[in-house]
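Please look over the sequence and the model below before reading on. The paragraphs that follow move from charged pairs to a surface patch and then to a helix.

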Amino acid sequence: MRFFQAMLALFLAFAILPSAASAEGRRVILVLDASGSMWGQIGSKSKMQIAKGVVGKVIGTWKPEDEIGLVAYGHRKKGACDDIEVLQEPGALDAASFMAKVNGLAPKGKTPMTQAVRMAAEALKYTEKQATVILVSDGIETCDPNPCAVAEELEKLGVDLTVHTVGFGLDDKGAVDQLKCLAEKTGGISIIAENAGQLEAALNKTVEAKAEPAPPIPTPQPAAPEFNITGHASMAESVEFPKDFDTPAWEFYPSINGEKGEWLKTEYYRDMNTNIDKDGDYIVKISNDLAKIDVPFSVVAGKPVDLDVSLEAGIVKLKGMLDDKAPTTSDRTTWELLDPSGVRVYTKMGQEVVFLANAGSYKIRLKQGTAMVEEDLTITAGKIDERVMTLGAGMIEASAVFSQGGEPANANFELRKAEVALDGSHQWVDLGISTPSRFTAPAGNYLMIVTHDSATASAMVAVKAGALTKVEFNLNAGYLAVTASGGRIIVYEAAKSTSGERKRVPTAQNETINKVFAAGTYHLVLLDANDTVLHEKDFEVKAGQRTEGTIP
């Protein structure tokens, strides 16, 4: 429900902006999130489908004098922070062309939303002209650790830049804070819909902000009062955060019987300055990656508060290897940080990752495919440790063809253990549903079974640590496409056993067959509703070919 409310907010906010544009028209770029999380389902549709539908509805509300452009991110490749593209330069709207670009987006990658906003501002020539950016995102920034700093920079350099942000019913507090900061630093509006009342209030605020006439040129104001709360956060006692982790978050809450009340505000950076005007007891939560600490303090009029906080945290840099020479695959490698009891604390992806966490004992688990290794891990306050973990695994690339040297067959690949269980079966390991399919598994021998409708093939495959084993399966099969005029078709092998029986081939019973069968001759029987034989006919299936026919 929150997602649909947020999409309604997007619809109204997006539609309101052009209607209030000045006579000379507004210059706007829509920045659309096409990261992998947009595949998330809401009902029977993905977030991406819903977003496309909303944009399609509002695009017709733009006036001829308005200029609109389009920027998207995360739509071309996985794990890339530079996957940002200006799909439509700002200019007169061609709705069909604009929507063709929107509808062509397929979510894949990360969420570099901050740099996408920068690219949109530059495309609008924000240092020379009025510019408005509307950012639509369903997740937290995954590439730039400092959206607020970028927003401040754009605001200082821009002539009249405004960034509005719309969140997709976010539960991640950090993502909400980032969207809010991007908007507030540039004088924009951030819409996060949690319920109908909040949604209505947010939309009213949007309308009021856009309905007001342009403000007069401000007159010089007295210097702002000094901050009554300052703070400095460090990784450990006398140890500063490294550059890549130099933006800890400071979340402020009132203290209610020693517990955190409703969130007040969030500040960023190692050195923090802010104001809390109301006297009383408070709690600030300082967090950086996985490290966090709660610090109580009190505000008394006329008495500044200086918070010097050590998170007592350390860093571990991890690198994954298949063996002592071959690295794991970046987009398939998973790292899980666990507490000593084995409960997952956090998960990161990539061949090399970094965890910053409070000092203590942990377990670290490396996984790729079905291969996994787990080790004990100690994080020491103020220390940066490096560790290489080896899976002792290799990879299989399996493909299938209809005939030797023929067309590829989009078969199913089952990887099973080579050892035979007491019941005569082979334990299931993994599944691939396209050709080629890739598997990562511990070194050893495996049985691979390949199926495509009624055709099947199998072979033993050896996995070597650090190596890629390629194997191609010849299904020796073709398509059989037969239609009948009423009734249902039953398929048998043409050859009879010594008792005169034909072996039935399992397949759906319809008046049409369009399936893959192993090469050979098949006896097709057409039955009516009372199982009376209406017609019988033989068909030959040839490897790599399509056999078509009718009954009778």
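**Charged pairs, a patch and a helix**

In this predicted model, K260 and D294 form a salt bridge in which the closest N and O atoms are 2.9 Å apart. Because K260 belongs to strand β11 (residues 259–260) and D294 to strand β15 (residues 291–299), the pair ties together parts that are 34 residues apart in sequence. K260 counts as partly exposed, with 38% relative accessibility, and D294 is likewise partly exposed, at 40%.

A further salt bridge joins E336 to K367, with 3.2 Å between the closest N and O atoms; since E336 lies in strand β18 (residues 334–338) and K367 in strand β21 (residues 360–368), this pair ties together parts that are 31 residues apart in sequence. Here E336 counts as buried, at 10% relative accessibility, whereas K367, at 28%, is partly exposed. Salt bridges with shared partners also join E240, D246, R270 and D271 into one network, and the whole structure holds 22 salt bridges.

On the surface, E237, D306, D308 and E312 gather in a patch of negative charge. Of these residues, E237 is found in the loop between β9 (229–234) and β10 (249–256), and its relative accessibility of 61% is why E237 counts as exposed.

The buried residues of α4 include M113, V117, R118 and A121. After the helix comes K125, which has a positive phi, near 55 degrees.

Terms used
Residues numbered from 1 in each chain as written. Predicted model: local features only at pLDDT ≥ 70, side-chain atom pairs only at ≥ 80, totals over all residues. Heavy atoms only, no water. Buried < 20%, exposed > 50% of the residue type's maximum accessible area, 1.4 Å probe, protein only. Helix = DSSP H or I, 4+ residues; strand = E, 2+ residues; numbered from the N terminus. Patch = residues over 30% accessible without salt bridge, like charges linked within 9 Å, V, L, I, M, F, W, Y side chains within 5 Å. Areas by Shrake-Rupley, 256 points an atom, 1.4 Å probe, with all protein chains shown as cover. Salt bridge = Lys/Arg side-chain N within 4 Å of Asp/Glu carboxyl O. Lys, Arg positive; Asp, Glu negative; His and termini not counted. Charge placed at Lys NZ, Arg CZ, Asp CG, Glu CD.
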